[in-house]
Structure formats: C-alpha cells, structure tokens
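Please look over the structure below before reading on.

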Amino acid sequence: MATVDWSQIVNFSNYSELLPLVRNSLIAGAVLGLVGGLVSVFVMTRDLPFAVHGVSELSFAGASGALLLGASVVTGSFVGSLLAALALGVLGARARDRNSIIGVLMPFGLGLGILFLALYKGRAANKFGLLTGQIVAIDNTSLTVLVATSLAVLVVLIAIWRPLMFASVDPDVAAARGVPVRLLGPLFLLLLGCTVAVSIQVIGALLILTLLCTPAAAALQVSSSPTVVPILSVVFALTSMVGGILLALGTTIPISPYVTTVSFAIYVVCRIVGRVRVRAH
C-alpha cells in the first residue's frame, strides 16, 4: 500500500523566500476579496448562485478557447463571461426563464471548454489552472487588467448600490417607486460577468462560487443589517482569498482547496454562531 510523503507536499522551510513570488497573487486575492465580497451580497440577495455557476462555465469555455488559439486567456474569459451575462440579462428576466437558460448554458459551456482543453497540446498545468487556479499565474499585465476591471466594477456597484439593493429586496415596490428594475438586473449581471472573468486565473472556474456566494451566505448567518452584512462579507472573502494563497505557498497543492476550505470553515462557524444566537433569544 502506497504511503503519502508529506514532506514532498508540505514544506514551509523556504517560506520567506517564496513570498515575493506571489506578490501579484496576494494583491489580486485582496482585490478580488474586496470586490467579490460586495458582489456576493447581491448574488445572495437576488438568489443568483446558480447564475454564478452558469457564467463561470462560459467563462471557462472562453478561456479554454483562447488558450487553444494562443490568445489572451483573460480576454477569452471576458468574452465567455459577458456572453453568458448578456444571454441571462436579455432572455432570463424571470427567475424560471433564467434557471432554464442557465441549465442549458452550463453543460454547453463546460463541454465546450473540455473540448478546447482536449485539443490543446501545451502544458498540462495551463489546463489544470483554468479549473482550479494557479498561485503564480498573475503576471504584471494580468494584474493590471484585474485591478482596473475590479475598480470599474467597484465604482459602478457603489454608484447603484441603493437602488440595486431596493430592487433586489422588493422588485415590485421598487418598480412602483420608479427604480429602473429592468435595467439594474442586466447591469448587475454584466458586473458579475466581469468579476467572474478576472477571478478565473486566481481561483479557477469550478470553484468560483466560494468567492461570489459563500462570504455573503456566511455573513447572513450572523446578521441581517444592510451595513454589517457587506462589511462581514468583504472580511470573509479577504480572509479566504489571502489566507488560502498564504497557505498554498508552502505546499504543492493548488490554491483552490485552501481558499474553499477557509471559506467553508468561516461559513460553518457563522452558522453555529447564528444558531446559538437564535436559541439565546
């Protein structure tokens, strides 16, 4: 029976020397934690976790196609994400229609992505990285695109925060009050698509839910305050992203298992705290 040689998997002996190698990844993780934590609030409020998965599959297909063609993976990821967001925004105004469209897009995007990766004859690490993320995949150019895109998403999100929250909580009343509900829905999906696209290289397509769903889901377990929930969501997203990168640095295991484990642990703790508080009252 084969045994696992943990010394070959976990090694923190040269940790300080490795830290400069992931400077870009740490910056990217912090930026994504900030933006992802805020986007996560609306993903949960608008009941869109399924949509996140659908957009990520098309983003994966776009990135895989770009990898096959020798083009920019980030550009391909953007194309796939925005096409998915556009399809959901135009065709999925109602929840039932949206879920049906996502159910069609997800297997199509995943199948297309797998086809492109099967045809790709380059490094296997590039294929695996699109699915699970790569800790050293963020070069200066990619980091610039990620920060610029995240800043744009953040500015727009803050600008529409109040009407978007109103439309998310009670769309009928919001529409009656003159809030452009039909415009805000597709606009948020575009912001979601951009966030997914820039997250693919860091955390991978398959585990994007841990950044865009779990932080707010955990925050909602311990608070319902419209001020506290976004703050907690950002703190939880930052902790899981930056913490996951720092843990992965000392091992040969990809970043995603660490990010998802830290995020899940935070959710479990928040759920326990929430249960205790409910029983106490």
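A search of the whole structure, which is a predicted model, finds 2 aromatic pairs. Rings of Phe, Tyr and Trp (its six-membered ring) pair if their centres lie within 6.5 Å; planes under 30 degrees apart count as stacked, over 60 as edge-to-face and the rest as tilted. Phe 42 and Trp 161 form an edge-to-face pair, with 4.6 Å from centre to centre and 75 degrees between the planes. Phe 42 belongs to helix 2 and Trp 161 to helix 8 (residues 161–169), so the pair ties together parts that are 119 residues apart in sequence. Ring pairs also bring in Phe 188, giving a cluster of Phe 42, Trp 161 and Phe 188.

Are these two residues, Phe 42 and Trp 161, buried or exposed? Buried means under 20% relative accessible area, exposed over 50%, and partly exposed in between (1.4 Å probe, protein chains only). Phe 42 is buried, with a relative accessible area of 0%, and Trp 161 counts as buried at 18%. Across the chain of 281 residues, buried residues make up 48%.

The chain has 14 helices and 0 strands. Helices (H or I, at least four residues) and strands (E, at least two) are DSSP runs, numbered from the N terminus. For local features the model needs pLDDT of at least 70, and side-chain atom pairs count only at pLDDT 80 or more, while totals for chains, interfaces and linings use all residues. Residues are numbered from 1 along each chain as its sequence is written, and side-chain values use heavy atoms, with hydrogens and water left out.

Helix 2 (residues 23–45) can be followed to helix 7 (residues 140–159): their axes come within 10 Å and cross at roughly 25 degrees. That makes helix 2 roughly parallel to helix 7; angles under 35 degrees count as roughly parallel, over 145 as roughly antiparallel, 65 to 115 as roughly perpendicular and the rest as oblique. Axes are lines fitted to C-alpha atoms, for helices over the stretch in contact, and angles run from 0 to 180 degrees between N-to-C directions. Among the residues that meet here are Ile 27, Val 31 and Leu 38 in helix 2 and Leu 143, Val 147 and Leu 154 in helix 7; contact means heavy atoms within 4.5 Å. The residues of this contact divide into 15 nonpolar, 3 polar and no charged. Ala, Val, Leu, Ile, Met, Phe, Trp, Tyr, Cys and Pro count as nonpolar, Asp, Glu, Lys and Arg as charged, and the others, Gly among them, as polar.

The axes of helix 2 and helix 10 (residues 181–203) also come within 10 Å, and cross at roughly 145 degrees. The contact includes Phe 42 of helix 2 and Phe 188 of helix 10. By class, the contact of helix 2 with helix 10 has 10 nonpolar, 2 polar and no charged residues.

Two loop residues remain. Asp 47 lies in the loop between helix 2 and helix 3 (49–69), and counts as exposed at 58% relative accessibility. Its phi is near 60 degrees, a positive value in a residue other than glycine. Ile 208, in the loop between helix 10 and helix 11 (209–212), counts as buried at 0% relative accessibility. Leaving aside neighbours within four places in sequence, Ile 208 is in contact with Val 52, Ser 56, Val 196, Ser 199 and Ile 203.
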